[in-house]
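Please keep the sequence and the structure in view while reading.

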Amino acid sequence: MRRRVVVTGMGIWSCLGKDVASVRDSLYAGRSGIVCVPERLEYGYRSGLSGMVETPVITKAMVDRHTRAGMGEAAQYAYMASREALALAGVTDDYLMEHEVGCIFGNDSSAKPVIESALTMESEHDTAMLGYGVVFQSMNSTVSMNLSTIFHLRGVNFTVSAACASGSHSIGMAYMMIRQGMQDMVLCGGAQETNIYSMLSFDALRAFSVRMDDPARASRPFDRDRDGLVPSGGAAALVLEDYDHALARGADILCEVAGYGFSSNGSGISEPSDGGSVIAMSRALQDAGLGPSDVDYINAHATSTRQGDMYEALALQRLFGREHALISSTKSMTGHECWMAGASEVVYSIIMMLGGFVAPNINLENPDEYSAGLRIARETTPMTIRTVLSNSFGFGGTNSALALKRIKELTN
């Protein structure tokens, strides 16, 4: 029997704010979180642009010193987002101790501890100088292993490493676990480090915008004059659970995860594909029992790169044509949150769904020839959102799409 999967909690730590309320205000205002970081230019980056993500202050009252020593930067962001998500879901420490809860997070790098360990070894030639916690900080699974330890999670526990679709696939995996009856509740999401080492290789590819004279206008999804993406990060967390389980414990249901679609392009390692994107979106809609005309809002993956935006625009045209769905890329405000993006954009979409508005695709002054026919929101648009499609695509040709439905009778 296929079970329904709902969202009962969400949390966010991003360049738009450190909680759901502040992020909601930023989305509604169309406020960018992008700045220029001089230290990046001094270090040798071609572009100093980045989303400005505040470093969390995690005290010993929150997490003991021994555990904190093993938390990578992404794990720290994810801890803060998860605290908020669990609190909103009404999941207490006692509940976590008495029930099995899973943990699936998207994360595809932990650069800082690896590089700093190598630098220490080059100067000291002594592994004893590395310290206890570096092994746990340096693994991609630093997020899921730390969250499972801190919150005493005893269900499914693994990390999804799928480039910029990692966060979306983690939600998809949690959704499938619950739908198939293997778990009642899963804490899931995505996290992305923002330190000076984390984006060196992307900068080397000349993938970043160099519009450093006006950082807030640098990320320009679908715009003819875009010159590259802007790196960003933080973490987003969601509590997913079985619908009946949520009802039984009296949880406030935010929305339903109704469909998950995926595909692989099977072509060049850094080449996007409109065909692969269409397959993922179509599968998500079919899984949710929706057609293109049923979708109210699409949170586009669009990162502000020429090729990526072009192929997504072609895919959206192929699948939706001139159907009524309104589209925006929240990356115009956040930059590209990479491994967390698929999860954060689901949080952003739920915030819009509950708030009754579509956040703008800022900096869209001159749509390019491929996106000119799309219904892209250029300003904050009040509207009732009943259905959402959120897209995430990544290097290696991995594609993920998630369909969300509002549950009106339970969210009034």
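The model is predicted. A search of the whole structure finds eight aromatic pairs, and two of the helices discussed here, H4 and H8, cross at roughly 45°.

**Helix packing**

- Two packed helices are described by the angle between their axes and the distance between the axes.
- Helix H4 spans residues 73-88 and helix H8 spans residues 142-150; their axes come within 9 Å and cross at roughly 45°.
- H4 and H8 are therefore oblique to each other, and their crossing is right-handed.
- On the H4 side the contact involves Ala74, Ala75, Ala78, Tyr79 and Ser82, which meet Thr142, Val143, Asn146, Leu147 and Ile150 of H8.
- Sorted by class, this contact of H4 with H8 has seven nonpolar residues, three polar residues and no charged residues.
- Helix H1 (residues 20-29) packs against helix H15 (residues 341-355) at an angle of about 75°, and the axes are 10 Å apart.
- Because the range for roughly perpendicular runs from 65 to 115 degrees, H1 and H15 are described as roughly perpendicular to each other.
- Val20, Val23, Arg24 and Leu27 are the residues of H1 that meet Tyr348, Ile351 and Gly355 of H15.
- The contact of H1 with H15 has five nonpolar residues, one polar residue and one charged residue.

**Aromatic rings**

- A pair of aromatic rings is described by the distance of the centres and the angle of the planes.
- Eight aromatic pairs are found in a search of the whole structure.
- In the pair of Tyr28 and Phe357, the ring centres are 4.9 Å apart and the planes stand at 75°, so the pair is edge-to-face.
- Tyr28 belongs to helix H1 and Phe357 to strand E11 (residues 357-358), so the pair ties together parts that are 329 residues apart in sequence.
- Tyr28 is partly exposed, with a relative accessible area of 38%, whereas Phe357 counts as buried at 0%.
- Tyr79 and Phe151 form a stacked pair, with 5.7 Å from centre to centre and 20° between the planes.
- Because Tyr79 lies in helix H4 and Phe151 in the loop between H8 and strand E5 (157-160), the pair ties together parts that are 72 residues apart in sequence.
- Tyr79 counts as buried at 2% relative accessibility, and Phe151 counts as buried at 9%.
- Phe202, Phe208, Trp339 and Phe395 are linked into a cluster by ring pairs.

**A buried serine**

- Ser170 is part of helix H9 (residues 166-179).
- The relative accessible area of Ser170 is 0%, so Ser170 is buried.
- Leaving aside residues up to four places away in sequence, Ser170 touches Ile104, Phe105, Gly106, Val160, Cys188 and Gly189.

**Positive phi angles**

- Most residues other than glycine have a negative phi.
- Arg206 is not a glycine, yet it has a positive phi of about 60°.
- Arg206 is placed in the loop between helix H10 (200-204) and strand E7 (234-242), and it counts as exposed at 57% relative accessibility.
- Phe222, also a residue other than glycine, has a positive phi near 70°.
- Phe222 is found in the loop between H10 and E7, and it is buried, with a relative accessible area of 0%.

Technical notes: Residues are numbered from 1 along each chain as its sequence is written. This is a predicted model: local features need pLDDT of at least 70, side-chain atom pairs count only at pLDDT 80 or more; totals for chains, interfaces and linings use all residues. Side-chain values use heavy atoms; hydrogens and water are left out. Axes are lines fitted to C-alpha atoms, for helices over the stretch in contact, and angles run from 0 to 180 degrees between N-to-C directions. Helices (H or I, at least four residues) and strands (E, at least two) are DSSP runs, numbered from the N terminus. Angles under 35 degrees count as roughly parallel, over 145 as roughly antiparallel, 65 to 115 as roughly perpendicular and the rest as oblique. A crossing is left-handed if the near helix is turned anticlockwise from the far one by less than a right angle, and right-handed if clockwise. Contact means heavy atoms within 4.5 Å. Ala, Val, Leu, Ile, Met, Phe, Trp, Tyr, Cys and Pro count as nonpolar, Asp, Glu, Lys and Arg as charged, and the others, Gly among them, as polar. Rings of Phe, Tyr and Trp (its six-membered ring) pair if their centres lie within 6.5 Å; planes under 30 degrees apart count as stacked, over 60 as edge-to-face and the rest as tilted. Buried means under 20% relative accessible area, exposed over 50%, partly exposed in between (1.4 Å probe, protein chains only).
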